[in-house]
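Subject: Handing over a structure

Hello,

I am passing a structure on to you, and I hope you enjoy looking through it. Below is the structure itself, followed by my notes on what turned up.

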Amino acid sequence: MIRRTILPVISVIIILWGMLPGYGQNRIGDWQSFTNMMDVYGIHAVGDSIYAATGGGLLVYDIQSEQFAQITNIRDLTHTDFRDILFDHNDRLWLAAGSPRGDVNIWEPGSGLHQVIPLDQTSTIALTELTLHENSVFGAAIRNLEPTVIHYTRLENGEYDFKDFYNQFPVVITDILDIAVYRDQVYLATPEGVIRSDPLDEDPNLKADTSWEMFTFDTAPHDISAFLTEQDQLYLADTLKVYRYDGNTVNLLEGEDFPGQTHAMRMVGERLLVGTSRGLYRRDQEEWQLLGGREIPVRAMTESEDGTLWIGSGGYGIATWNGAEGVWQFRQPNCPFANQFSAMTVSPDGLLIAANTRGVAIYDGNRWHNVLNYNKMPAQDRGLVDLLAVDNGESYWSADTIRARAARPYNAVIRGQDQLFVSHEGSGVLQLNIRDYSEYQDYDTTNAHLTGSAGIGTGGANFIVTRDVAVDNEGVIWIANAFPSNGNALAAISPDGAWMHFNLQASGVGLALNHLPREIAVDNQNRIWIGSGQKESDPQSRGGIGMLDYAGTLFDTSDDQWFWFNQSHGLSGMHILSLSITSDNELFVVSTGERRVQSYRIPQGINSSTEVRFSTDQTELFLSNFSISKSYVDVRDNTWFIEEANGVKMRKSNGELLNGAEGYNTGNTPLINDNVYTVTSNPKTGVVYFATEFGISAVTTPYAAETQNFSEIYTFPSPYYVPNTQAMVIDQLPDESEVKVMTLNGEVIRTLTAADNEVRNRQAFWNGRDEQGNLVGSGVYFLYCYTQDGQVETTKALVIRK
């Protein structure tokens, strides 16, 4: 007979079912993708919906409800970077995936992903253009850096499959800008001229050396970039003009030249529209008119059933043209303004902050706030950004230092609750109040806080090479100022805004500072560790690791202690790529040495007689086999290592490697892309963020700060329906908790423990079944939560059996 434990019914503190403020309903192992869907490459109208292929996934706009759906690799798709869209014979949408896979994702409106047509998985393929002809689809692609035509064919069952690659062209070409089929011949727009195929038969094969020829004509230049087939005519557009081919002759459409590269053409009524990188032009009475007076980049066009013209733009989402009023009406999804971010951090209250050369994107758990640099935006387009500080008529971030596009952010940190500091390679440091975007300050050569690289680096007097920025335990901001012409390679900002500078010559006999400081880390004794780069042509860029103990007296240098650590201390390489320190003072070093990853257990006190030795354990020796470029330590003292072009590895605090040394990559997780730039995490929720080439990936991990008590416990989803493929989550438990599921009369029907993998740090999981595996009935159940040290809490769960 099965014995069941009966516990006395105790008084219960009822927690509201659902989400508490500050937490998301994410279970451990859940992934999210945050991508920019403002860059539209292809657009198609189906019924009351507009479908757009974007650099961040599939964007769907419902015309009636005026609502967006943003579909990424988390929801069916194999990719997020799509470069064209096509409507096939089966009323399905084809999405052309960019590099590195080049898959075709076939999407059925109202249903979802129908089919994926994979290609050669050993090749790097970027599929950029698609065109339909009878029972074939032809695609333009770059395969292993070589322009290629991809042929898909329709099978007897109506489905499509890959047939072949074609690249036997009469000349060497560098790209395929567009592809079209006109009068049973495939036409390719390339920088080297227009190429066309032999006439297509019922089973076309264009693999022979004689299958392709150059298509030349007297009046047209060679730089055709877009085609349109309309009413048995082939329109060809270059950077300035449009030509019409009727199968016999090519004629130039008269009119003034229009600027910008042509991306798309469409015939609306009797008028030809040309979408270029400098706006949408309409041909009226043999003249080209710029619609709306706005030079927005137009990449694609479609018409909805009511005849409304929709465009897909480069950077501004989708829009309609209101011909009666002569204005554009923009529709923009809420998303980050870019895909590539090189610096990220998380505020104490959980805001994700990501920075790149154009500005800062802030995610509050529900909505993105994009704060852009006006210097990077045409004046007429500034109103398109969803959230900006008040424009005072000058540059949004005022500074005399040129913010070159190559000047990417290196790191970002938060001081206090709201002061963001972002260091830029080439343009100083930005300080921004993340609660009030009108409060900002640029630190550069104009205010004499930082020094340019004239005479030392490659830049001029106003070119500032600021690498890392860090905040110490007393709220002091530390800035690495590389190649300083005055020798001030390290700067500090006190909590009250006062500046202090540290010169190479003042950093001790060994010159712990040098011309190329790259990384800054702070240990638990508030000592400052500086990892430097090595440059053979500059004797003052010797690399190694410097350490400053300023004894809490920032402006009194008399008690400063400087140390410099090099190969005599066991460092494998002198060119330091990354430094990170755990809460118990284990310093991890990434260098270009043979032993790429090393560590050092920092003692409480360091003086001139301290034995300092950098070592490599078995785990670090294993990691040294990979091209590790950067490290990050989370709140649980796990160290995340970015591997160049192969995702991330993770060394747990106990020395074990995550996923059997595989870590996270696109092969074993929904990570958007293997090119990871930086990593950060939310210590409250355990969500780890990865900034990749194609967007930000996020995964909920068990590695949140340890919950101290049951005061914030909650469950989701509520009510919980059974049977269910996903378990109910009891969240915000202290470590090593256990949970007993009880009926209202106190009968224990299930015990959830870590030993059974039903409790993982702060979360417990219940699948709605008792100890015998039987589904429970509808009703209210007590969740009796307890720890080994005697903490106890009880909450309720509502179960509905379907």
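**Aromatic rings**

Trp31, Trp640, Tyr664, Phe690 and Tyr703 make up one aromatic cluster. Rings of Phe, Tyr and Trp (for Trp, the six-membered ring) count as a pair if their centres lie within 6.5 Å; planes under 30 degrees apart are called stacked, over 60 edge-to-face, and the rest tilted.

Before going further, please keep in mind that this is a predicted model, in which local features need pLDDT of at least 70 and side-chain atom pairs count only at pLDDT 80 or more, while totals for chains, interfaces and linings use all residues. Residues are numbered from 1 along each chain as its sequence is written, and side-chain values use heavy atoms, with hydrogens and water left out.

Searching the whole structure gives 36 aromatic pairs. One of them is the tilted pair of phenylalanine 215 and tyrosine 245, with 4.9 Å from centre to centre and 55° between the planes. This pair links distant parts of the chain, 30 residues apart: phenylalanine 215 belongs to strand S17 (residues 212–215) and tyrosine 245 to strand S20 (residues 242–245). Strand names here follow DSSP runs (E, at least two residues), numbered from the N terminus. Both phenylalanine 215 and tyrosine 245 are buried. Buried means under 20% relative accessible area, exposed means over 50%, and partly exposed is in between (1.4 Å probe, protein chains only).

Two rings also have a charge over them, which requires NZ of Lys or CZ of Arg within 6 Å of the ring centre and within 35 degrees of the ring normal. The charged end of arginine 143 is placed over the ring of phenylalanine 165, at 3.9 Å from its centre. Lysine 630 lies over the face of tyrosine 410, 5.7 Å from the ring centre.

**Strands and sheets**

You will find an open sheet of four antiparallel strands in the order S1-S54-S53-S52. Strands pair if DSSP finds at least two bridges between them. Strand S1 (31–34) and S52 are at the edges with a single partner strand each, so one side of each has no neighbour in the sheet. From one strand to the next, the twist averages 20°; the axes behind such angles are lines fitted to C-alpha atoms, and angles run from 0 to 180 degrees between N-to-C directions. S1 runs antiparallel to strand S54 (residues 695–700), joined by four bridges, and serine 33 has serine 697 of S54 as its bridge partner.

Why is strand S47 (residues 586–591) largely enclosed by the rest of the structure? Six of its six residues are buried, so the rest of the structure largely encloses S47. Glu586, Phe588 and Val590 point one way from S47, and Leu587, Val589 and Ser591 point the other way.

S47 pairs antiparallel with strand S46 (residues 576–581) over five bridges, and isoleucine 576 is opposite serine 591. The hairpin of S46 and S47 has four residues between the strands, and asparagine 585 there has a positive phi near 70°. S47 also runs antiparallel to strand S48 (residues 597–601), again with five bridges, and leucine 587 has tyrosine 600 of S48 as its bridge partner. Five residues lie between S47 and S48 in their hairpin.

**Nonpolar cores**

The largest nonpolar core has 39 residues, and Trp478, Leu490, Phe502, Trp529, Ile545 and Phe614 have the most contacts inside it. Such a core is a set of buried Ala, Val, Leu, Ile, Met, Phe, Trp, Tyr and Cys residues joined through side-chain atoms within 4.5 Å. Strand S45 (residues 561–565) gives the largest share of this core, four residues. A second, separate core has 21 residues, including Ile713, Ile749, Tyr781 and Cys785.

**Some details of the backbone**

Two cis peptide bonds are worth a look. One joins phenylalanine 716 and proline 717, with omega about -10°, and another joins serine 718 and proline 719, with omega about 0°. Proline 717 is in the loop between strand S55 (714–716) and strand S56 (720–722), and proline 719 lies in the loop between S55 and S56 too.

Alanine 645 is not a glycine, yet has a positive phi of about 60°. Alanine 645 is exposed, with a relative accessible area of 51%.

Best wishes
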